[in-house]
Structure formats: structure tokens, C-alpha cells
Protein chains: 2
Amino acid sequence: MSKVAQYQLDEYYYHYPAVASVVTSHADGKNNAMAVAWHTAISRKSPIYGVAISPKRFTHGLIVASGEFVVNFVPWEKRELVAKVGGCSGSEVEKFLAFGIVTASGKVVQAPVLADAYAAYECRVMERRAMGDHDLFMGSIVALHWDKEALSKDSMLDPGQAHPVLYLGGDYYATAKGNVLLDRAALAKGTAGPMR
Amino acid sequence: MSKVAQYQLDEYYYHYPAVASVVTSHADGKNNAMAVAWHTAISRKSPIYGVAISPKRFTHGLIVASGEFVVNFVPWEKRELVAKVGGCSGSEVEKFLAFGIVTASGKVVQAPVLADAYAAYECRVMERRAMGDHDLFMGSIVALHWDKEALSKDSMLDPGQAHPVLYLGGDYYATAKGNVLLDRAALAKGTAGPMR
């Protein structure tokens, strides 16, 4: 192992892979979709989800205007859709038309849900917090969409059934493999069997 | 496809997989390590990284007391380490001792860097924001550690060389596979070749 330590770096990719989600928005009669890899769950009871979006993005204005967004999760088979919406701006391209993106109505918000998504979270903005060169939008999850067939019996994504699009940075992508049970409590207690 | 829509759900796993990071902390002579899947980059220029941690966690108190944390990324080969630190509390177990965790000094902060990590971000808390049942700690990245051998020539993680630990929810884990180039700009313009 040859390790390197740095004190400053503006381009840090080491936390990847992250699911390349597609964030959709709607305001003033316009729809947009952008690829977002900077997102995370924040709270479980009151479900809250966060997405970090640069004020330079067309999506940013739509979310500020509407106070709403949808985080869509699309399968590996549709990875080119993620790359396409990530490769141009809604200020220049009406992406839904240009790329033939099929949508479904959200249950609560006006922003569209992608028909190709295996899951989607409809969110209402609770707070927008400027941090460095991005704004973090923290949204209350007001509706969930998910494809039963993409889930294992434990209600979790099964990489054997649904193949997420993982972003590696730059123009590189990967997907997930495996579905390994690690009994955390038993491992911590030293009572687990040999590594599976 | 059989889709389901719900208006409320306290357990939502559909955004997974997410890298199961190990967040380390240090205060009052105590170290701790916990598994955190709710984390994201927030800003590039001023590098800022966010981790969502419940106030119930032992780590929470250490981060509040010290104003510092480290986000460590460990390889699939060390997945049991992630599961172990995720399977017990630092209020009951001195995890570094119990699990024989090898550490290196941080360059800037007091919280330990894991010797087994292929990358780590040292962070200083800029802001702690209570959101629902978690606190979101937004940290200025003050030092980066990374293993040259885990990176591709483009300075990105190469799943062919470093195998991240991805969390699926519950006690389930996966890793990443593939390293596919999708030329976003060319795909958006319709000038890309056939799907690779």
C-alpha cells in the first residue's frame, strides 16, 4: 500500500461510488432532470432526504421556485439516460423531449417521476442551506415509489434483481454485485461463524 | 413491473446501496468508530463533507465535544470490520481494542485514521444541523488520505483495484463491479457510438 496525504484538494473522488440518482423538478411549466451523486438520507422518523446542487444548475432555480423535487433511482439498463441528463443543461435542452423520457405523475408534488425508475422519493424542501459552492436542499419525503420486483423479501434492494447505476467520478460508472449477509451483532460479539 | 406508491414510510431503503463508511472520532481520551451509510459530499471548492448521525450514538457526543471526525473508506476484504463496528456501541465496547483495529495518526485532527482504509477524509465541523431524528454534521475537509494503488490513472476509484463496501440496509452488503466509460456530453448530443 502506498498512501498519500494531502491538506487541500478540490477534486476528491475517494468516497465514490455513489448511486447516480436523477433529480427531477418542475416550475413555471418547465420540467428538468439532472444527474446527482451527492445525496443522502438524513432522517428516518420524519423521513428527510438531502441533495447538494450547485446554484449554477438549471434544476436549482426550479427547486427554489417550486420548493419540490423528486429523487429517482434508475437501473443499470438505463444508464445512458443518467449520462444523457448529466451531459447537458436544462437551460439549453428540453431533456424530456430530447431524450424521450417517459414520466409518471408524482402523487404529491408536481415534479415528474421517471417511469424507468425502480424507486423514487417525492420531496418538499424543508430547508436550503448554502455550503461552499453548492446548496444543500433538505427535503421532507412526502411519497415513496418503488418497484416490488426490485426488492428482496426483506424490502431491500437486491442487486441480483435491480442493478443500480453507481457513479465513480468523471465519466465512469459501475454497478453493484452480491448480496451478503453480515450479522453485525454476532460479529461484534464474536459469536458469528466463519466469514461467508 | 409492479409499482407501489406510499405516502409515508419510516424505513426507506430504496436509495441504497451506499458506501458503508467508518466514521472515527476522538474526545476526552476516547476513540470511537461507527459505520455510517448516510453521508455525502456537499461542496467541492471549499471541500465540505456531510455525515448524518443520531444523537443516540456514542460517536455523536465525541464529535460534538471535539468538533472533528474522520470518514474512512475500507475495502471489501475488511467488510467484517465495518459490520463489527456497526454491531455494537462505543458506550459499551472499546472497539479499537476489542477488534484489534490498527490506526494511523490524522494529519490535522485528533480522530484516528484507519490503517485499513483505502481513503479517508479528515473533517472539522463547520455546522451541526438537527434534522428529524439525526444531526447532520457538515465538515470542512482539512486533509485527504488515499491509497495510490486503489486509484485508476484518472485519480478515481477503480472497482477493478479497490472493492468498496456497499450497504444495502439491514445486515446486507454488496460491492461494486465494472468501470464503464459513458461520455456524457457525446451521449447528450447524440454523437456517441453504440452502447459499450
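Q: How many residues of chain B are in contact with chain A?

A: This is a predicted model, in which local features need pLDDT of at least 70 and side-chain atom pairs count only at pLDDT 80 or more, while totals for chains, interfaces and linings use all residues. Residues are numbered from 1 along each chain as its sequence is written, and chains are lettered from A and ligands numbered from 1 in the order in which they are written. Two residues are in contact if their C-beta atoms, placed from the backbone, lie within 7 Å. Here 85 residues of chain B contact 85 residues of chain A. On chain B, the side that touches chain A consists of 47 nonpolar, 19 polar and 19 charged residues. In this count Ala, Val, Leu, Ile, Met, Phe, Trp, Tyr, Cys and Pro are nonpolar, Asp, Glu, Lys and Arg are charged, and the others, Gly among them, are polar.

Q: In which sense do β1 of chain A and β11 of chain B pair?

A: Strands (E, at least two residues) and helices (H or I, at least four) are DSSP runs numbered from the N terminus, and two strands pair if DSSP finds at least two bridges between them. Strand β1 (residues 3-6) of chain A pairs with β11 (residues 134-147) of chain B in the antiparallel sense, over four bridges. Within β11(B), B:His145 is the bridge partner of A:Ala5.

Q: Is helix α2 of chain B mostly covered or mostly uncovered?

A: A residue is buried if 20 or more other C-beta atoms lie within 10 Å of its own, exposed if 12 or fewer, and partly exposed in between, with C-beta atoms placed from the backbone. Helix α2(B), residues 79-86, is mostly covered, with seven of its eight residues buried. Among them are B:Leu81, B:Val82 and B:Val85. The cover includes α4 (184-189) of chain A, as well as β3 (21-27), β4 (30-36), α3 (95-98) and β13 (172-181) of chain B.
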